[in-house]
Amino acid sequence: MNNGTPAYGLWSLVLLNSAIFIMFAFSFFKPQTARDWRTFGAFAAFIVALFVEMYGFPLTIYLLSGWLQTSYPGLDILSHDAGHLWATLLGDKGFGGDPHSGVLHLLSYAFLGGGFWLLSSAWNVLYHAQRRQTLAVSGPYERIRHPQYVAFVLILFGFLLQWPTVLTLLMFPVLLVMYGRLAVTEESEMRARFGAEFERYAARTPRFIPHVGRPQETA
């Protein structure tokens, strides 16, 4: 981005990008219960905070401006590229000095794509299970008990690889704890509803991190 093009104060882009990603996630997740809305609301807050700093007001850059100017004297801190802090801190400038082609930025696409794919796949299984009033145990649920929460974490982590900010870095562990607690609450409800069936499912299926290889079978 050249010096004649404004990098920030682009509030129309803040609104547009926030709306696109929030509605995209909404189309896959389709919150229904109060717990669903808390999960989705936390995700939406992270997305808005991210794009406000990406295109609106670069709070993190201002907070670090003194250190950045001292440590990287040739850096134009008000350019869009300077917001890609990992590229600056790790020297991952990408092809032709474009941070968008850096290793971490490209890796972020894998996390984002995988997260949205998992979110979509999990919702499809859960939707049909809820209609049948049965336990969701197929598809992603065959590997982990909470694929939708894992999907949100993958997406958030992907964005952190692209554009880390003070606020989103602080929000990320808080969201991890929040999703963990929601998962435990959800399991308590499923245990009360499905009893031994859920216990057998939980015994063979990890909560968040899948087993390597095929899912374990239990008698």
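Here is a walk through this structure, helix by helix.

First, some ground rules: this is a predicted model, where local features need pLDDT of at least 70 and side-chain atom pairs count only at pLDDT 80 or more, while totals for chains, interfaces and linings use all residues. Residues are numbered from 1 along each chain as its sequence is written, and side-chain values use heavy atoms, with hydrogens and water left out.

Let's start with the overall picture. The chain has nine helices and zero strands; here helices are DSSP runs of H or I with at least four residues, strands are runs of E with at least two, and both are numbered from the N terminus. Reading from that end, the elements go α-α-α-α-α-α-α-α-α. The C-alpha trace spans about 65 × 35 × 25 Å along its principal axes.

What does the record say? An unreviewed UniProt entry lists residues 6–29, 41–64, 106–129 and 149–172 as "transmembrane region"; the positions are in the numbering used here, the feature name is shortened, and such annotations may be inferred rather than shown by experiment. In the model, residues 41–64 are 88% helix and 0% strand, with the end C-alpha atoms 29 Å apart. Residues 106–129 are 100% helix and 0% strand, and their end C-alpha atoms lie 35 Å apart.

By class, the contact of H1 with H2 has 17 nonpolar, four polar and one charged residues. Nonpolar covers Ala, Val, Leu, Ile, Met, Phe, Trp, Tyr, Cys and Pro; charged covers Asp, Glu, Lys and Arg; the others, Gly among them, are polar.

H1 (residues 11–29) also packs with H6 (residues 103–132): the axes come within 8 Å and cross at roughly 30 degrees. So H1 runs roughly parallel to H6. Here Phe-21, Phe-24, Ala-25, Phe-28 and Phe-29 of H1 meet Phe-116, Leu-119, Ser-120 and Trp-123 of H6, contact meaning heavy atoms within 4.5 Å. The contact of H1 with H6 has eight nonpolar, one polar and no charged residues.

H6 has another partner in H7 (residues 147–162), with the axes 8 Å apart at an angle of about 160 degrees. That makes H6 roughly antiparallel to H7. Their contact divides into 20 nonpolar, seven polar and no charged residues.

Finally, look at the rings. The whole structure holds 23 aromatic pairs, meaning rings of Phe, Tyr and Trp (its six-membered ring) with centres within 6.5 Å; planes under 30 degrees apart count as stacked, over 60 as edge-to-face and the rest as tilted. Phe-40 and Phe-43 form a tilted pair, 6.3 Å centre to centre with 35 degrees between the planes. Because Phe-40 and Phe-43 sit three residues apart in H2 (residues 34–56), about one helical turn separates them.

Technical notes
Axes are lines fitted to C-alpha atoms, for helices over the stretch in contact, and angles run from 0 to 180 degrees between N-to-C directions. Angles under 35 degrees count as roughly parallel, over 145 as roughly antiparallel, 65 to 115 as roughly perpendicular and the rest as oblique.
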